[in-house]
Amino acid sequence: MRTTTGWRADGPAQKLHRTSLQRRELRADDLAVRVDHCGVCHTDLHSINAADGPVVPGHEFTGTVTDIGRDVTGFAVGDPVAVGNIVDSCGECAMCLAGQENFCHEFPTLTYGGTDRHDATPTLGAYSREYVVRESFAYALPRGWEAAAVAPLMCAGITVWEPLRALGIGSGSRVAVAGLGGLGHLAVKFAVALGAETTVISRSPGKLDDARRLGAQDLLVSGDDAQMARSRDRFDVIIDTISAVHDPGPYLRLAAVDGTLVQVGHLGSVSLNAMDLLIGRKKFTSAGSGGRPATREMLDFCAEHDITADVEVLPSSQVNEALERLGRNDVRYRFVLDMSDLD
Ligand SMILES: NC(=O)c1ccc[n+]([C@@H]2O[C@H](COP(=O)([O-])OP(=O)(O)OC[C@H]3O[C@@H](n4cnc5c(N)ncnc54)[C@H](OP(=O)(O)O)[C@@H]3O)[C@@H](O)[C@H]2O)c1
Ligand SMILES: [Zn+2]
Ligand SMILES: [Zn+2]
(Lines give C-alpha, C1' and ligand atoms only; values in the text may rest on other atoms or scores of the structure.)
(Ligands and ions follow the chains in the order given, each with its own letter.)
Protein backbone atom coordinates (compact mmCIF):
# COMPACT_ATOMS: atom_id res chain seq x y z
CA MET A 1 0.00 0.00 0.00
CA ARG A 2 0.96 3.64 -0.51
CA THR A 3 0.67 6.02 2.42
CA THR A 4 -0.62 9.56 2.06
CA THR A 5 -2.19 12.22 4.29
CA GLY A 6 -5.74 13.54 4.27
CA TRP A 7 -8.74 14.78 6.24
CA ARG A 8 -11.23 12.33 7.74
CA ALA A 9 -14.44 12.55 9.77
CA ASP A 10 -14.96 9.58 12.05
CA GLY A 11 -18.71 9.71 12.53
CA PRO A 12 -21.86 11.76 11.94
CA ALA A 13 -21.29 15.54 12.02
CA GLN A 14 -17.75 15.07 13.40
CA LYS A 15 -15.01 17.59 12.62
CA LEU A 16 -12.45 16.37 10.10
CA HIS A 17 -9.00 15.64 11.41
CA ARG A 18 -5.68 15.20 9.67
CA THR A 19 -4.61 11.59 9.41
CA SER A 20 -2.52 9.19 7.34
CA LEU A 21 -4.40 7.18 4.70
CA GLN A 22 -3.61 4.12 2.59
CA ARG A 23 -3.95 4.02 -1.19
CA ARG A 24 -3.66 0.89 -3.32
CA GLU A 25 -0.47 0.14 -5.22
CA LEU A 26 -0.90 1.03 -8.88
CA ARG A 27 -2.68 -1.49 -11.07
CA ALA A 28 -1.67 -1.70 -14.73
CA ASP A 29 -4.21 0.97 -15.81
CA ASP A 30 -3.89 3.27 -12.79
CA LEU A 31 -2.46 6.74 -12.32
CA ALA A 32 -1.18 8.15 -9.05
CA VAL A 33 -2.24 11.80 -8.85
CA ARG A 34 -0.87 14.40 -6.47
CA VAL A 35 -4.05 16.23 -5.49
CA ASP A 36 -3.35 19.95 -5.72
CA HIS A 37 -6.89 21.36 -5.39
CA CYS A 38 -10.19 19.82 -4.31
CA GLY A 39 -13.56 21.58 -4.32
CA VAL A 40 -15.89 21.48 -1.31
CA CYS A 41 -19.25 20.21 -2.55
CA HIS A 42 -22.44 20.38 -0.50
CA THR A 43 -22.62 16.60 -0.92
CA ASP A 44 -19.47 16.42 1.22
CA LEU A 45 -21.36 18.15 3.99
CA HIS A 46 -24.40 15.87 3.59
CA SER A 47 -22.07 12.84 3.65
CA ILE A 48 -20.28 13.93 6.81
CA ASN A 49 -23.58 14.71 8.55
CA ALA A 50 -24.96 11.28 7.63
CA ALA A 51 -21.71 9.31 8.09
CA ASP A 52 -22.17 5.86 9.59
CA GLY A 53 -18.41 5.40 9.80
CA PRO A 54 -15.21 7.15 8.76
CA VAL A 55 -15.46 9.33 5.65
CA VAL A 56 -12.76 11.09 3.62
CA PRO A 57 -14.76 13.43 1.35
CA GLY A 58 -13.71 15.17 -1.85
CA HIS A 59 -14.83 14.34 -5.39
CA GLU A 60 -13.90 17.22 -7.66
CA PHE A 61 -10.16 17.68 -7.92
CA THR A 62 -7.26 18.68 -10.07
CA GLY A 63 -3.67 17.61 -9.70
CA THR A 64 -0.57 16.26 -11.32
CA VAL A 65 0.27 12.72 -12.43
CA THR A 66 3.16 11.39 -10.33
CA ASP A 67 3.25 7.73 -11.41
CA ILE A 68 1.63 5.50 -14.04
CA GLY A 69 0.78 1.80 -14.28
CA ARG A 70 2.54 -0.30 -16.91
CA ASP A 71 -0.36 -0.27 -19.42
CA VAL A 72 -1.15 3.44 -19.20
CA THR A 73 -0.92 5.12 -22.58
CA GLY A 74 -2.88 8.36 -22.28
CA PHE A 75 -0.91 10.10 -19.53
CA ALA A 76 2.68 10.75 -18.50
CA VAL A 77 4.25 11.82 -15.23
CA GLY A 78 3.84 15.59 -14.86
CA ASP A 79 0.56 15.85 -16.77
CA PRO A 80 -2.18 18.06 -15.27
CA VAL A 81 -5.40 16.08 -14.75
CA ALA A 82 -8.89 16.43 -13.32
CA VAL A 83 -11.06 13.77 -11.66
CA GLY A 84 -14.73 13.95 -10.74
CA ASN A 85 -17.20 12.04 -8.63
CA ILE A 86 -17.04 8.66 -10.39
CA VAL A 87 -13.83 6.69 -10.76
CA ASP A 88 -14.88 3.38 -12.32
CA SER A 89 -17.78 1.47 -13.90
CA CYS A 90 -18.32 -1.97 -15.40
CA GLY A 91 -17.46 -0.86 -18.93
CA GLU A 92 -19.74 -3.51 -20.45
CA CYS A 93 -23.37 -2.68 -19.77
CA ALA A 94 -25.59 -0.77 -22.20
CA MET A 95 -25.12 2.46 -20.27
CA CYS A 96 -21.32 2.21 -20.20
CA LEU A 97 -21.28 1.33 -23.90
CA ALA A 98 -23.44 4.39 -24.56
CA GLY A 99 -20.97 6.62 -22.73
CA GLN A 100 -23.28 7.06 -19.74
CA GLU A 101 -20.99 5.52 -17.15
CA ASN A 102 -22.86 7.59 -14.53
CA PHE A 103 -25.85 5.26 -15.09
CA CYS A 104 -23.83 1.99 -15.12
CA HIS A 105 -26.11 -0.95 -14.39
CA GLU A 106 -23.62 -2.11 -11.76
CA PHE A 107 -23.59 1.44 -10.33
CA PRO A 108 -20.48 3.52 -10.93
CA THR A 109 -17.76 3.51 -8.29
CA LEU A 110 -18.00 6.75 -6.38
CA THR A 111 -14.82 8.68 -5.68
CA TYR A 112 -15.49 8.37 -1.95
CA GLY A 113 -18.01 6.32 -0.06
CA GLY A 114 -17.98 3.71 -2.84
CA THR A 115 -16.46 0.26 -3.09
CA ASP A 116 -13.56 -0.57 -5.38
CA ARG A 117 -14.67 -3.05 -8.08
CA HIS A 118 -11.50 -5.15 -7.78
CA ASP A 119 -10.39 -5.30 -4.16
CA ALA A 120 -13.72 -4.36 -2.48
CA THR A 121 -12.07 -1.71 -0.31
CA PRO A 122 -14.03 1.48 0.51
CA THR A 123 -13.03 4.44 -1.64
CA LEU A 124 -11.51 7.44 0.14
CA GLY A 125 -11.96 10.90 -1.36
CA ALA A 126 -9.63 13.65 -2.44
CA TYR A 127 -9.40 15.69 0.75
CA SER A 128 -6.02 14.08 0.61
CA ARG A 129 -2.61 14.63 -0.97
CA GLU A 130 -2.70 11.59 -3.28
CA TYR A 131 -5.41 9.72 -5.19
CA VAL A 132 -5.04 6.55 -7.26
CA VAL A 133 -7.44 6.34 -10.20
CA ARG A 134 -8.02 4.32 -13.37
CA GLU A 135 -6.72 6.33 -16.29
CA SER A 136 -10.06 6.16 -18.09
CA PHE A 137 -11.69 8.25 -15.33
CA ALA A 138 -8.99 10.94 -15.33
CA TYR A 139 -9.24 13.86 -17.76
CA ALA A 140 -6.31 15.65 -19.33
CA LEU A 141 -6.28 19.41 -18.77
CA PRO A 142 -4.70 22.06 -20.95
CA ARG A 143 -1.44 23.22 -19.35
CA GLY A 144 -1.69 26.57 -17.62
CA TRP A 145 -5.43 26.40 -16.93
CA GLU A 146 -6.13 27.73 -13.46
CA ALA A 147 -6.28 24.42 -11.62
CA ALA A 148 -8.07 25.62 -8.48
CA ALA A 149 -11.01 27.08 -10.39
CA VAL A 150 -11.24 24.08 -12.73
CA ALA A 151 -11.69 21.52 -9.91
CA PRO A 152 -15.39 22.38 -9.26
CA LEU A 153 -16.26 21.68 -12.89
CA MET A 154 -15.74 17.99 -12.13
CA CYS A 155 -18.80 17.59 -9.89
CA ALA A 156 -20.75 20.84 -9.71
CA GLY A 157 -20.11 21.55 -13.38
CA ILE A 158 -20.84 18.21 -15.00
CA THR A 159 -23.97 17.71 -12.90
CA VAL A 160 -25.60 20.76 -14.45
CA TRP A 161 -23.93 20.43 -17.87
CA GLU A 162 -25.47 17.05 -18.75
CA PRO A 163 -29.11 18.09 -18.25
CA LEU A 164 -28.63 21.44 -20.02
CA ARG A 165 -27.20 19.57 -23.02
CA ALA A 166 -29.68 16.71 -22.90
CA LEU A 167 -32.54 19.22 -22.91
CA GLY A 168 -31.09 20.99 -25.94
CA ILE A 169 -30.48 24.37 -24.31
CA GLY A 170 -29.25 26.94 -26.79
CA SER A 171 -30.05 30.26 -28.34
CA GLY A 172 -33.66 31.22 -27.61
CA SER A 173 -34.06 28.89 -24.62
CA ARG A 174 -35.38 30.37 -21.42
CA VAL A 175 -33.58 28.85 -18.44
CA ALA A 176 -33.97 29.48 -14.72
CA VAL A 177 -31.51 28.30 -12.08
CA ALA A 178 -32.87 27.87 -8.56
CA GLY A 179 -30.29 28.21 -5.76
CA LEU A 180 -27.19 30.27 -6.51
CA GLY A 181 -24.40 28.19 -4.98
CA GLY A 182 -21.67 25.92 -6.34
CA LEU A 183 -23.85 24.09 -8.86
CA GLY A 184 -26.10 27.06 -9.48
CA HIS A 185 -23.44 29.59 -10.45
CA LEU A 186 -21.94 27.14 -12.96
CA ALA A 187 -25.40 26.38 -14.36
CA VAL A 188 -25.84 30.12 -14.95
CA LYS A 189 -22.45 30.42 -16.68
CA PHE A 190 -23.16 27.40 -18.89
CA ALA A 191 -26.71 28.44 -19.82
CA VAL A 192 -25.54 31.96 -20.70
CA ALA A 193 -22.63 30.63 -22.79
CA LEU A 194 -25.00 28.24 -24.57
CA GLY A 195 -27.04 31.26 -25.60
CA ALA A 196 -30.03 30.95 -23.26
CA GLU A 197 -31.88 33.83 -21.63
CA THR A 198 -31.07 33.00 -18.01
CA THR A 199 -32.69 33.92 -14.70
CA VAL A 200 -31.71 33.10 -11.11
CA ILE A 201 -34.30 32.12 -8.50
CA SER A 202 -32.93 32.67 -5.02
CA ARG A 203 -33.88 33.16 -1.39
CA SER A 204 -31.17 35.79 -1.25
CA PRO A 205 -31.99 39.19 -2.84
CA GLY A 206 -28.38 40.20 -2.04
CA LYS A 207 -27.16 37.89 -4.82
CA LEU A 208 -28.71 40.08 -7.56
CA ASP A 209 -25.45 41.81 -8.50
CA ASP A 210 -23.63 38.48 -8.65
CA ALA A 211 -26.40 36.98 -10.79
CA ARG A 212 -26.03 39.84 -13.27
CA ARG A 213 -22.23 39.58 -13.26
CA LEU A 214 -22.57 35.88 -14.07
CA GLY A 215 -24.66 36.82 -17.10
CA ALA A 216 -28.20 36.32 -15.79
CA GLN A 217 -30.79 38.92 -16.75
CA ASP A 218 -32.69 38.86 -13.55
CA LEU A 219 -33.05 37.42 -10.06
CA LEU A 220 -36.43 36.27 -8.78
CA VAL A 221 -36.75 36.19 -5.00
CA SER A 222 -38.35 32.84 -4.20
CA GLY A 223 -39.99 34.21 -1.06
CA ASP A 224 -41.71 37.04 -2.94
CA ASP A 225 -45.07 35.57 -3.96
CA ALA A 226 -45.98 38.48 -6.25
CA GLN A 227 -42.70 38.17 -8.18
CA MET A 228 -43.10 34.42 -8.47
CA ALA A 229 -46.70 34.80 -9.70
CA ARG A 230 -45.61 37.24 -12.39
CA SER A 231 -43.16 34.65 -13.75
CA ARG A 232 -45.73 31.89 -14.16
CA ASP A 233 -45.16 29.67 -17.25
CA ARG A 234 -42.00 31.61 -18.11
CA PHE A 235 -39.16 29.07 -18.45
CA ASP A 236 -38.45 26.13 -20.75
CA VAL A 237 -36.10 24.54 -18.22
CA ILE A 238 -35.53 25.13 -14.52
CA ILE A 239 -32.39 23.65 -12.99
CA ASP A 240 -33.13 23.27 -9.27
CA THR A 241 -29.90 23.06 -7.24
CA ILE A 242 -31.44 23.79 -3.82
CA SER A 243 -29.64 21.70 -1.22
CA ALA A 244 -32.59 21.25 1.16
CA VAL A 245 -35.94 19.45 0.98
CA HIS A 246 -38.55 21.74 -0.57
CA ASP A 247 -41.86 21.72 -2.43
CA PRO A 248 -41.27 21.57 -6.20
CA GLY A 249 -44.74 23.09 -6.80
CA PRO A 250 -43.75 26.78 -6.85
CA TYR A 251 -40.93 25.99 -9.30
CA LEU A 252 -43.10 23.83 -11.57
CA ARG A 253 -45.53 26.72 -11.85
CA LEU A 254 -42.71 28.78 -13.37
CA ALA A 255 -42.13 26.19 -16.12
CA ALA A 256 -43.78 26.88 -19.49
CA VAL A 257 -46.17 24.43 -21.19
CA ASP A 258 -44.15 21.23 -21.81
CA GLY A 259 -41.36 22.74 -19.72
CA THR A 260 -39.08 20.75 -17.43
CA LEU A 261 -38.01 21.06 -13.80
CA VAL A 262 -34.68 19.28 -13.25
CA GLN A 263 -34.08 18.67 -9.57
CA VAL A 264 -30.36 17.99 -9.09
CA GLY A 265 -29.96 19.44 -5.59
CA HIS A 266 -32.03 17.41 -3.16
CA LEU A 267 -31.79 13.74 -4.13
CA GLY A 268 -34.10 12.14 -1.60
CA SER A 269 -37.77 11.35 -1.98
CA VAL A 270 -39.97 14.14 -3.30
CA SER A 271 -43.60 14.90 -2.67
CA LEU A 272 -45.29 16.52 -5.63
CA ASN A 273 -48.84 17.19 -6.65
CA ALA A 274 -49.69 15.70 -10.07
CA MET A 275 -51.84 18.76 -10.71
CA ASP A 276 -48.64 20.81 -10.87
CA LEU A 277 -47.59 18.56 -13.77
CA LEU A 278 -51.02 18.28 -15.38
CA ILE A 279 -51.51 22.01 -15.77
CA GLY A 280 -49.12 22.77 -18.62
CA ARG A 281 -48.05 19.14 -19.29
CA LYS A 282 -44.91 19.77 -17.28
CA LYS A 283 -42.06 17.34 -16.65
CA PHE A 284 -40.10 16.62 -13.49
CA THR A 285 -36.68 14.99 -13.81
CA SER A 286 -33.22 14.74 -12.26
CA ALA A 287 -29.60 14.25 -13.27
CA GLY A 288 -26.27 13.57 -11.67
CA SER A 289 -22.62 13.43 -12.54
CA GLY A 290 -21.92 12.67 -16.20
CA GLY A 291 -20.60 10.14 -18.64
CA ARG A 292 -17.06 10.32 -19.93
CA PRO A 293 -17.97 11.84 -23.33
CA ALA A 294 -20.09 14.58 -21.74
CA THR A 295 -17.34 15.31 -19.21
CA ARG A 296 -14.77 15.76 -21.97
CA GLU A 297 -17.23 17.87 -23.94
CA MET A 298 -17.84 20.10 -20.90
CA LEU A 299 -14.11 20.59 -20.29
CA ASP A 300 -13.57 21.48 -23.96
CA PHE A 301 -16.51 23.91 -23.87
CA CYS A 302 -15.17 25.54 -20.70
CA ALA A 303 -11.67 25.89 -22.15
CA GLU A 304 -13.12 27.41 -25.31
CA HIS A 305 -15.42 29.83 -23.46
CA ASP A 306 -12.99 30.54 -20.62
CA ILE A 307 -15.40 29.24 -17.99
CA THR A 308 -14.21 28.18 -14.54
CA ALA A 309 -15.79 28.36 -11.09
CA ASP A 310 -15.72 31.44 -8.86
CA VAL A 311 -13.65 30.10 -6.01
CA GLU A 312 -12.29 30.99 -2.60
CA VAL A 313 -9.13 28.95 -2.12
CA LEU A 314 -8.28 27.94 1.44
CA PRO A 315 -5.42 25.87 2.83
CA SER A 316 -6.71 22.36 3.50
CA SER A 317 -6.14 22.93 7.23
CA GLN A 318 -9.21 25.22 7.10
CA VAL A 319 -11.47 22.43 5.82
CA ASN A 320 -13.75 22.53 8.88
CA GLU A 321 -14.21 26.29 8.52
CA ALA A 322 -15.04 25.84 4.83
CA LEU A 323 -17.69 23.22 5.63
CA GLU A 324 -19.17 25.32 8.41
CA ARG A 325 -19.42 28.39 6.16
CA LEU A 326 -20.87 26.31 3.30
CA GLY A 327 -23.56 25.09 5.72
CA ARG A 328 -24.66 28.67 6.40
CA ASN A 329 -24.61 29.80 2.74
CA ASP A 330 -21.48 31.93 3.23
CA VAL A 331 -19.65 31.06 0.01
CA ARG A 332 -19.27 32.92 -3.31
CA TYR A 333 -19.44 30.38 -4.95
CA ARG A 334 -17.17 27.41 -4.24
CA PHE A 335 -14.52 26.68 -1.63
CA VAL A 336 -11.48 24.92 -2.99
CA LEU A 337 -8.90 23.37 -0.68
CA ASP A 338 -5.22 23.81 -1.51
CA MET A 339 -3.67 20.49 -0.51
CA SER A 340 -0.03 21.59 -0.53
CA ASP A 341 -0.09 22.05 3.25
CA LEU A 342 -0.38 18.25 3.59
CA ASP A 343 3.25 17.68 2.50
N1 LIG B 1 -27.18 15.46 -8.68
C2 LIG B 1 -25.92 15.30 -8.32
O3 LIG B 1 -25.22 14.41 -8.79
C4 LIG B 1 -25.31 16.28 -7.39
C5 LIG B 1 -23.97 16.67 -7.54
C6 LIG B 1 -23.46 17.63 -6.68
C7 LIG B 1 -24.24 18.17 -5.68
N8 LIG B 1 -25.52 17.75 -5.54
C9 LIG B 1 -26.38 18.34 -4.52
O10 LIG B 1 -26.77 19.61 -4.99
C11 LIG B 1 -27.07 20.48 -3.89
C12 LIG B 1 -26.36 21.79 -4.10
O13 LIG B 1 -24.97 21.59 -3.97
P14 LIG B 1 -23.99 22.86 -3.97
O15 LIG B 1 -22.63 22.30 -3.73
O16 LIG B 1 -24.27 23.71 -5.13
O17 LIG B 1 -24.50 23.61 -2.64
P18 LIG B 1 -24.41 25.14 -2.23
O19 LIG B 1 -23.20 25.76 -2.83
O20 LIG B 1 -24.61 25.17 -0.77
O21 LIG B 1 -25.69 25.79 -2.99
C22 LIG B 1 -27.00 25.45 -2.66
C23 LIG B 1 -27.88 26.70 -2.80
O24 LIG B 1 -29.22 26.30 -2.51
C25 LIG B 1 -29.90 27.39 -1.89
N26 LIG B 1 -30.45 26.88 -0.63
C27 LIG B 1 -29.78 26.30 0.39
N28 LIG B 1 -30.61 25.96 1.38
C29 LIG B 1 -31.84 26.30 0.98
C30 LIG B 1 -33.12 26.21 1.56
N31 LIG B 1 -33.30 25.69 2.81
N32 LIG B 1 -34.18 26.67 0.86
C33 LIG B 1 -34.01 27.22 -0.35
N34 LIG B 1 -32.79 27.35 -0.94
C35 LIG B 1 -31.74 26.90 -0.29
C36 LIG B 1 -28.91 28.50 -1.68
O37 LIG B 1 -29.05 29.41 -2.77
P38 LIG B 1 -29.79 30.84 -2.62
O39 LIG B 1 -29.09 31.59 -1.52
O40 LIG B 1 -29.55 31.43 -3.97
O41 LIG B 1 -31.22 30.58 -2.37
C42 LIG B 1 -27.57 27.79 -1.80
O43 LIG B 1 -26.57 28.65 -2.27
C44 LIG B 1 -26.64 19.71 -2.64
O45 LIG B 1 -27.78 19.12 -2.06
C46 LIG B 1 -25.72 18.63 -3.18
O47 LIG B 1 -25.69 17.48 -2.37
C48 LIG B 1 -26.07 16.83 -6.37
ZN1 LIG C 1 -20.30 16.95 -5.56
ZN1 LIG D 1 -21.71 -0.43 -16.76
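What follows is a chat about the domains, ligand shell, sheet and backbone of a predicted model.

Me: Which domains does the chain have?

Reply: The domain assignment gives domain 1 (2–155 + 308–342) and domain 2 (157–285). Their C-alpha centres lie 28 Å apart.

Me: And how many residues does the contact take from each?

Reply: It takes 13 residues from domain 1 and 9 residues from domain 2. On the side of domain 1 that touches domain 2, 8 residues are nonpolar, 2 polar and 3 charged.

Me: Moving to ligand 1. Which residues come nearest?

Reply: His42, Gly179, Gly181, Ser202 and Gly288 come nearest, out of 31 residues around the ligand.

Me: Which domains does that shell draw on?

Reply: Domain 1 and domain 2 each give at least three residues to the shell around ligand 1. As for helices, α1 (42–49), α4 (156–166) and α5 (182–194) each supply at least two residues.

Me: What's the shell like by class?

Reply: The shell around ligand 1 has 18 polar, 11 nonpolar and 2 charged residues.

Me: Back to α1. Which of its residues are buried?

Reply: His42, Thr43, Asp44 and Ile48 are buried in α1. The elements covering the buried residues of α1 include α5 and α11 (319–327).

Me: Where does α5 lie?

Reply: Helix α5 lies across β10 (174–178), β11 (197–202) and β13 (235–240), and runs at about 170° to β10.

Me: What order do the strands take in the open sheet with β10?

Reply: The order is β12-β11-β10-β13-β14-β15, an open sheet of 6 strands with parallel pairing. β12 (218–221) and β15 (283–285) are at the edges with a single partner strand each, so one side of each has no neighbour in the sheet. On average, neighbouring strands of this sheet are turned by 20° against each other, direction ignored.

Me: How many bridges join β14 to β15?

Reply: There are 3 bridges between β14 (residues 255–263) and β15. In one of the pairings, Thr260 has Lys283 in β15 as its bridge partner.

Me: What is Tyr131 in contact with, leaving aside its neighbours within four places in sequence?

Reply: Val33, Val35, Phe61, Val83 and Ala126.

Me: Now the backbone. Where is there a cis peptide bond?

Reply: One joins Arg332 and Tyr333, with omega about -5°. Tyr333 is in the loop between α11 and β17 (334–338). For context, most peptide bonds are trans, and most residues other than glycine have a negative phi.

Me: What about phi at Asp258?

Reply: Asp258 is not a glycine, yet has a positive phi of about 65°. Asp258 lies in strand β14.

Me: Is that residue buried or exposed, and why?

Reply: Asp258 counts as exposed because it has 10 C-beta neighbours inside 10 Å.

Me: And what is phi at Arg281?

Reply: Phi of Arg281 is near 50°, again a positive value in a residue other than glycine. Arg281 sits in the loop between α9 (274–278) and β15.

Me: Buried or exposed for Arg281?

Reply: Arg281 is exposed, with 11 other C-beta atoms within 10 Å.

Terms used
Residues numbered from 1 in each chain as written. Chains lettered and ligands numbered in written order. Predicted model: local features only at pLDDT ≥ 70, side-chain atom pairs only at ≥ 80, totals over all residues. Domains from an automatic or database assignment. Contact = placed C-beta atoms within 7 Å. Nonpolar A, V, L, I, M, F, W, Y, C, P; charged D, E, K, R; others polar. Near = placed C-beta within 6 Å. Helix = DSSP H or I, 4+ residues; strand = E, 2+ residues; numbered from the N terminus. Pairing = 2+ DSSP bridges. Axes fitted to C-alpha atoms, helices over the stretch in contact; angles between N-to-C directions. Buried ≥ 20, exposed ≤ 12 C-beta atoms within 10 Å, placed from the backbone.
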